[in-house]
Amino acid sequence: MKKKIPVMSVSACNGCPSKCCNDLSMLIGPPTSKSDFEDLHWQLRYDTVHIYIRNRRWYILVKGRCMYLDDNDRCKIYETRPEKCRVHNPPDCERFGDFWDVMFETPEELEAYFKKKRRAAKRRANARAKKKKMTA
């Protein structure tokens, strides 16, 4: 049985500057090794690349513009647009505010995020060790 694809109504896009057609967002795995971290660090050196986290999922965001937008930011292939475009949903839309929980635009922001995460993990580990020591 074929999955039914929800189709966003055209009226939901009226007046929109086609924000979803100006950036390419793809799900990636979270960095789990030094090599993964170094890859993200390298990718963020490009001004068209950002990394973001939404609902604990990691994404790469490549800035750009769809080649099928006309001069008025309207889709020239709307009736035959790809499934990815058809399922883009207004609650997930960039038009309605931030669609990320954390956004990294530079390698330094990524480094700062992981330093903060490591400090928090160390504090939690110290608190657990202290609690364990007190109950022993």
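User: How many salt bridges does a search of the whole structure find?
Analyst: This is a predicted model, in which local features need pLDDT of at least 70 and side-chain atom pairs count only at pLDDT 80 or more, whereas totals for chains, interfaces and linings use all residues. Residues are numbered from 1 along each chain as its sequence is written, and side-chain values use heavy atoms, with hydrogens and water left out. With a salt bridge defined as a side-chain nitrogen of Lys or Arg within 4 Å of a carboxyl oxygen of Asp or Glu, the number found in the whole structure is two.

User: How many residues apart in sequence are the parts that Lys 63 and Asp 23 tie together?
Analyst: Lys 63 forms a salt bridge with Asp 23, and the closest N and O atoms of the pair are 3.3 Å apart. Lys 63 lies in strand β3 and Asp 23 in strand β1, so the pair joins parts whose separation in sequence is 40 residues.

User: With which residue does Asp 73 form a salt bridge?
Analyst: Asp 73 is found in the loop between β3 and α2, where its phi is near 60°, a positive value in a residue other than glycine. The closest N and O atoms of the two side chains are 2.7 Å apart, and the partner is Arg 65.

User: Which side chain of opposite charge is nearest to the buried Arg 81?
Analyst: Arg 81 has its place in the loop between β3 (57-63) and α2 (83-87). A polar atom of the Arg 81 side chain lies 2.7 Å from the backbone oxygen of Tyr 78. Arg 81 is buried yet has no salt bridge, under a scheme in which Lys and Arg count as positive and Asp and Glu as negative, while His and the chain ends are not counted. At 5.7 Å, the nearest side chain of opposite charge is that of Glu 79.

User: In which order do the four strands of the open sheet stand?
Analyst: Helices (H or I, at least four residues) and strands (E, at least two) are DSSP runs numbered from the N terminus, and along the protein the elements run β-α-β-β-α-β-α. Two strands pair if DSSP finds at least two bridges between them. In this open sheet the pairing is antiparallel and the order is β1-β3-β2-β4.

User: Which strands stand at the edges, each with a single partner strand?
Analyst: The open sheet has four strands in the order β1-β3-β2-β4. Each edge strand has a single partner, so one side of it is left without a neighbour in the sheet, and these strands are β1 (23-28) and β4 (102-104).

User: Which residue in β3 stands opposite His 50?
Analyst: Strands β2 and β3 run antiparallel and are joined by six bridges. Within β3, the residue opposite His 50 is Leu 61.

User: Where is Asn 55 found, and what is its phi near?
Analyst: Asn 55 is found in the loop between β2 (49-54) and β3, and at 53% relative accessibility the residue counts as exposed. Its phi is positive, although the residue is not glycine, and is near 50°.

User: How far apart in space are Leu 40 and Ile 51, C-alpha to C-alpha?
Analyst: Leu 40 is found in helix α1 (residues 34-43) and is buried, with a relative accessible area of 6%. Leu 40 and Ile 51 are eleven residues apart in sequence, whereas their C-alpha to C-alpha distance is 7.8 Å.

User: How many disulfides does a search of the whole structure find?
Analyst: A disulfide is a pair of cysteine sulfur atoms within 2.5 Å. The closest cysteine sulfur to that of Cys 75 is in Cys 21, at 6.2 Å, which is too far for a bond. For Cys 85 the closest cysteine sulfur is likewise in Cys 21, at 6.0 Å, again too far for a bond. For the whole structure, the number of disulfides found is zero.

Note on methods:
Buried means under 20% relative accessible area, exposed over 50%, partly exposed in between (1.4 Å probe, protein chains only). A polar contact is a pair of N or O atoms within 3.5 Å; within protein, one must be able to donate a hydrogen and the other to accept it, and residues adjacent in sequence count only if both atoms are side-chain atoms.
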